[in-house]
Amino acid sequence: MPPKSKSSKNPGPAPEGFTPERFEKELQSLATKAQEQTWAKESTERVVRYLVPFLLLTLLGISSTASQQALSPVFGSLPAAVWNSKLTAAACFVGWAGNVFIERALPVGPAKLIPVFAIYAPTVQFFLSQFSGFLTARWGPLVIESLTLFPVTVLTASCVAGLLEGMSLKPLPKFLGDSAPGLVSLLYFKFIENLSLRLFLHYVGRSIFLTRIGLEMILAAIYTVLAPSRLILLTIPAIIHTTFFNYHLPTPTATTALQAKLEADNWLLLDRKESLTGYISVLESVDHGYRVLRCDHSLLGGEWVKFAGPVVAEPIYSVFVMLEAVRLVEVPEPIEDSQAKALVIGLGIGTTPAALIAHGIDTTIVEIDPVVHEFAGKYFQLPEKHTAVIDDAVSYTQKLAKESTEQFDYIVHDVFTGGAEPLPLFTLEFLEGLHALLKPGGVIAINYAGDFLLPAPKMVMQTIRHVFPSCRVFRESEKPSAEEMEESGQDFINAVIFCRKSASDPVAFREPVAGDFLRSRSREMFLVPKHEVDLSEFTTAGDEGVGLLMANGTQELAGEQEKSAVGHWDVMRIVLPAKVWEMW
């Protein structure tokens with residue numbers, strides 16, 4: 001039987017993997033996987049493309065807030081904010097419009113340079129602040145932020161522009177659609193900037209990371225994690241300086257070093273904290289023997305340590321003694337101090353409320369900053385026997401006027417910080433609330449600090465007299481001559497306005513008796529107001545009832561407040577040495 005050839009052998013069924021059906025299934029499976037991978041990849045890229053720009057803009061908004069807050073102790077809150085919005089707007093435009101040129105011109109990507117500038121920011125602020133007397137409050141913030149915040153903003157805008165390149169909102173016309181990403185980015189940045197400021201002021205001081213320099217260090221760390229590079233090695237000197245040698249970082253080591261530095265110049269730093277109204281510290285002059293309470297680049301008050309009074313402290317500023325003259329205003333039905341009630345809005349170091357309490361008057365103090373209240377009691381002899389309300393005066397008085405029938409014999413309105421008037425506390429609506437809280441025969445004393453050459457005092461005075469028609473105004477010191485005002489270009493002064501509820505009730509002061517002075521030499525000298533201001537200085541013919549300051553119109557005086565704040569900065573540099581302000 002002849003052998004069977006291989007060709008004649010039955011090959012059997014084909015392996016399953018090679019059937020046409022199986023092959024078609026594999027192709028479909030591969031196609032599906034490819035589609036899924038492509039979709040996942042595209043989705044991831046899309047998320048990154050949108051998420052990273054918003055993350056960068058979020059960090060930039062917080063950085064802008066941190067920059068302003070870090071400069072406010074040296075230049076004041078208003079001067080620190082004057083150039084900020086203009087500078088960031090210009091930097092956003094430069095970074096967005098020139099992103100292609102920036103990417104080509106730089107040896108590394110813009111994102112890798114952001115951590116370098118962020119890490120060096122506290123160091124640059126520290127050293128340039130020592131030249132604040134030369135830079136002045138007008139130009140100092142601009143110079144410093146041009147070297148710190150400006151490059152961070154330019155680089156961030158360039159990165160965001162590169163990530164959003166080619167995006168357009170097609171339903172809109174081409175011009176609007178192409179410009180929409182830039183406009184949305186700018187609006188989001190401003191939103192974060194405003195939100196971060198409110199949140200920072202709410203939580204400031206609760207930990208070292210929620211302080212001015214602490215926040216800048218956190219931001220620098222986040223930037224470094226997002227864009228690591230060998231360039232970070234260049235920042236080692238700045239990291240060492242900020243960690244170990246920057247007095248502005250409120251660590252125990254830095255505070256001890258600052259105390260030693262101040263003691264070399266015969267100043268004592270007794271305490272310091274960062275709070276919602278600013279950087280608060282208690283300082284004492286060894287040479288002159290007085291103690292002051294500082295808030296940013298302003299003083300909330302001061303008292304003599306070596307001339308301490310037996311009953312109450314001796315203040316270094318006469319204006320706070322003048323406020324106590326609210327008790328001396330003659331009223332139809334005089335009331336005993338033990339039966340009287342007083343409302344004090346704004347605490348400072350507590351000079352006026354301490355005197356009212358010493359006279360036996362039931363005193364309620366409304367102060368927005370808990371640290372100010374703490375330091376007033378701890379370092380400035382504020383008696384415990386008072387009702388403390390730690391709240392915003394606007395909301396508190398409005399609520400009290402609506403929900404309570406309580407009224408006061410005396411109201412002292414004493415609010416001022418940062419070189420400018422807190423305008424919401426001088427509006428028609430707020431003053432009307434105080435009018436409702438004042439008894440028919442009561443007296444209100446309002447401390448107003450500002451540049452009398454600017455229009456703001458006129459508007460404020462018109463508003464006060466509209467609510468309280470019977471008023472007299474007294475300056476803390478004599479009015480300077482016309483030549484002196486022309487030379488300085490300002491007339492910055494503290495004044496006290498004494499008012500009654502009815503036009504038929506004049507403001508006249510009784511002769512003080514020995515008990516009014518509380519055995520205090522400063523009260524013997526300054527309790528009775530002396531330097532009266534003619535009310536005609538605040539009015540001109542035909543404008544009666546015009547120009548009242550309304551709650552929705554405070555922005556109109558923003559520009560004037562900036563001028564007033566710069567003038568106040570000059571005054572503060574005379575009161576305390578520049579070094580004390582700069583080292584904070």
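**Notebook: helix pair, loops and buried side chains**

I began with helix H16 (residues 428–437) and helix H17 (residues 456–467), whose axes cross at roughly 35° and come within 9 Å. I looked at these two values because two packed helices are described by the angle between their axes and the distance between the axes. The axes are lines fitted to C-alpha atoms, for helices over the stretch in contact, with angles from 0 to 180 degrees between N-to-C directions.

Contact here means heavy atoms within 4.5 Å. The residues of this contact divide into four nonpolar, three polar and one charged (Ala, Val, Leu, Ile, Met, Phe, Trp, Tyr, Cys and Pro are nonpolar; Asp, Glu, Lys and Arg are charged; the others, Gly among them, are polar).

**Basis of the model**

I record that this is a predicted model, in which local features need pLDDT of at least 70, side-chain atom pairs count only at pLDDT 80 or more, and totals for chains, interfaces and linings use all residues. Residues are numbered from 1 along each chain as its sequence is written, and side-chain values use heavy atoms, with hydrogens and water left out.

**Whole protein**

I found 21 helices and 13 strands in the protein; these are DSSP runs numbered from the N terminus (helices H or I, at least four residues; strands E, at least two). Of the 584 residues, 49% count as buried (under 20% relative accessible area; exposed is over 50%, partly exposed in between, with a 1.4 Å probe and protein chains only). Of the contacts between residues at least 6 apart in sequence, 74% join residues at least 24 apart. The protein exposes about 28600 Å², and carbon and sulfur atoms supply 61% of this area.

**Leu518 and Asn266**

I looked up two residues for their phi values, since most residues other than glycine have a negative phi. Leu518 has a positive phi of about 55°, and Asn266 has a positive phi near 65°.

Leu518 is in the loop between strand E12 (492–500) and helix H19 (521–526), and I noted it as buried at 9% relative accessibility. Beyond four places in sequence, Leu518 touches Val311, Val312, Ala355, Ala358, His359 and Arg523. Its C-alpha atom is 8.4 Å from that of Pro310, 208 residues apart along the chain.

Asn266 is in the loop between helix H11 (252–263) and strand E1 (267–275). I noted Asn266 as partly exposed, at a relative accessible area of 33%.

I placed Thr255 in helix H11, where it is buried at 19% relative accessibility. A polar contact of 3.0 Å joins its side chain to that of Arg272 (N or O atoms within 3.5 Å; within protein, one able to donate a hydrogen and the other to accept it, and residues adjacent in sequence counting only if both atoms are side-chain atoms). Beyond four places in sequence, Thr255 is in contact with Pro250, Leu269 and Arg272.

I placed Ser63 in helix H1 (residues 20–75); Ser63 is buried at 11%. Its side chain reaches the backbone oxygen of Leu59 at 2.7 Å. Leaving aside neighbours within four places, I found Ser63 in contact with Leu149, Leu219 and Tyr223.

Key. Areas by Shrake-Rupley, 256 points an atom, 1.4 Å probe, with all protein chains shown as cover.
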